[in-house]
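I opened my notebook to record what I looked up, one stop at a time. Come along and check each stop with me.

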Amino acid sequence: MRSRAGVVCLVRMIGTKVALRLRMGAHDAHYAGDLVDGARLLALFGDLATELLIRLDGDEGLFRAYEVIDFLAPVFAGDFVEATAELLEIGNTSRKIRFEARKVITSARGARTPSAADVLSDPIVVARAIGTCVVPRELQRKPRELYMPGLPAGPAPAAPDVVTPPVDLTGDVILTAAIVGAELTRSQTPYLPLTPAEIADEAARCREAGAAVIHLHVREDDGSNTQSSDRFAEVMDAIRRKCDCIVQPSTGGAVGMPIDVRAGPLACKPEMATLNCGSINFGDDVFVNSRPDIRALATRMRAVGATPELECYEVGHVEEALALAAEGAISPPLHFQFVLGVKGAIPAREDVVAYMRTLVPPDATWAVAAVGRWQQPMTELAMRLGGHARVGLEDNIFMSKGVLAEGSAPLVARAAEFARSIGREPADPGRARSILGLGAR
Ligand code: KMH
Ligand code: ZN
């Protein structure tokens, strides 16, 4: 049996990739015209699977089945093929793996000299597959550190004091819907709610779909962003008449707003509000959050009883939030939002989430809000790692490539369905209040 820490370590290995590159020789050619048969590529996939299993389980394991195999382009003697395998899922004994083989150098068939060859600037995918291997329980050994191919074997240098917290998949997921945003326009998506009535309707639809928290920006009648306390009061009232969600106004506002303006919605005494924990390049703009301003906002939030959601766009912002707690400017339990994929700030990557979650205190909660096409994979990763998730038009307007989401509710519904598929329930607002400790500070 694996220990709990062992299981955690295994989960972290999802997404691990290994690679092989080799030249197909004359002995690999099986058919007329020096054509290499597909079975040769499957042998490469088998070797890659074996490497993954050894890294994961300390055992070569057994290949059980392919569920998909596509041979997409011919391979000839003389071609250099690079094959990769990525660990997709880990069951009790099963390990699902995705494979891909690409031709990176090809013999220049038809050239004047038979030894001519070309480097392909755009490698050609020659085969793709998904398969499952098994390693019987009794053969599974202690999880290994992952060694990158090509690097000398040995323990990877670990950062000091990094303790990987256990993954708890028994807890409910708090889904936050960011339904308006400050930068989005109707020309980008017609589904953006702008008026108080539209925003309240969308909040109710998101609640229905599984959201417990509404992250809120508001707009003037002409669609421009505003931090006016009157407008926030109007919209928050409209939302309250339609649903019981926790309403979390933004104190980030739009890029360039002075801090006093940004603090506008705090006059409405919200249960929660965002507290942005540092400055970043925000696309081509700069989103300024000076250390004195962060502290000033924290003080104002405390004065009105609003629990801060700590927006962290960089690793250093987590440290800043911890400093605020150490100074007593904010009180535990802390709730972090890792905002990933803003151009100019930390990218939306698995290793980023895996690392950032190690930085938060054990009694803290954390969530991921990822931008654009990363929203779905990163929020699903967060849920798989025991965290919470934010979706919605503010961060991503697409359901899939080129297909607009018809509001934030469909994005919430998809996240809720994923949560249930891994055995976690979307928290209702009451449950979310208790998980976040709202009102307890
Ligand atoms: N509009 C961004 C510049 C927040 O809501 O607290 C800031 C933002 C963060 O949206
Ligand atoms: Zn926002």
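These entries go through a predicted model, stop by stop.

**Entry 1: the zinc ion**

I began with the zinc ion (ligand 2) and asked which protein atoms are its donors. I found His215 (NE2), His217 (NE2) and Glu394 (OE), lying 2.1 Å from the zinc ion. Along the chain, these donors follow the spacing H-x1-H-x176-E. I then looked up where two of them sit: His215 lies in strand 9 (residues 213–216), and Glu394 is in the loop between strand 19 (388–391) and strand 20 (398–400), so this pair ties together parts that are 179 residues apart in sequence.

Is each of the two buried or exposed? His215 has 2% relative accessibility, so I noted it as buried. Glu394, at 22%, counts as partly exposed, since buried means under 20%.

**Entry 2: ligand 1**

Glu394 turned up again here: an N or O atom in its side chain is 3.0 Å from an oxygen atom of ligand 1. I counted 14 residues around ligand 1, and Glu183, Ser250, Gly253, Thr274 and Asn276 come nearest. For Thr274, a polar side-chain atom lies 2.7 Å from an oxygen atom of the ligand. Gly252 takes part through its backbone, with a polar atom 3.4 Å from an oxygen atom of ligand 1.

**Entry 3: Gln227**

Next I went to Gln227, in the loop between strand 11 (225–226) and helix 4 (229–242). Its relative accessibility is 3%, so Gln227 counts as buried. Which backbone oxygens does its side chain reach? I found the one of Ser250 at 2.9 Å and the one of Arg262 at 3.0 Å. Leaving out residues up to four places away in sequence, Gln227 also touches others, including Phe232, Thr251, Met257 and Pro265.

**Entry 4: helix 7**

At 1.5 Å a residue, its 13 residues should span 18 Å, and the end C-alpha atoms are 19 Å apart, which agrees. The span is taken as 1.5 Å times one less than the number of residues.

Which residues of helix 7 are buried? I listed His317, Val318, Glu320, Ala321 and Leu324. They cover an arc of only 160° around the axis, which puts them on the same side of helix 7. Among the elements covering these buried residues are strand 13 (272–276), helix 6 (291–304) and helix 8 (350–359).

Just after helix 7, I noticed that Gly328 takes a positive phi of about 90°.

**Entry 5: Asp201**

Asp201 is in helix 3 (residues 196–209). With 37% relative accessibility, Asp201 counts as partly exposed. Its side chain and that of Lys242 are joined by a polar contact of 2.7 Å. I also looked at Ile239: it is 38 residues from Asp201 in sequence, yet their C-alpha atoms are 7.5 Å apart in space.

Most residues other than glycine have a negative phi, and most peptide bonds are trans. With that in mind, I picked out some exceptions.

- Asp34 is not a glycine, yet it has a positive phi of about 65°; it sits in the loop between strand 2 (29–31) and strand 3 (35–36).
- Lys269 is not a glycine either, and its phi is positive at about 50°. At 58% relative accessibility, Lys269 counts as exposed.
- The peptide bond from Pro332 to Pro333 is cis, with omega near 0°, and Pro333 lies in the loop between helix 7 and strand 17.

Definitions and conventions. Residues numbered from 1 in each chain as written. Chains lettered and ligands numbered in written order. Predicted model: local features only at pLDDT ≥ 70, side-chain atom pairs only at ≥ 80, totals over all residues. Heavy atoms only, no water. Helix = DSSP H or I, 4+ residues; strand = E, 2+ residues; numbered from the N terminus. Buried < 20%, exposed > 50% of the residue type's maximum accessible area, 1.4 Å probe, protein only. Arc of directions from axis to C-beta. Contact = heavy atoms within 4.5 Å. Donors = N, O, S within 2.8 Å, 3.2 Å for Na, K, Ca; no water. Polar contact = N/O pair within 3.5 Å; in protein donor to acceptor, adjacent residues only side chain to side chain. Near = heavy atom within 4 Å.
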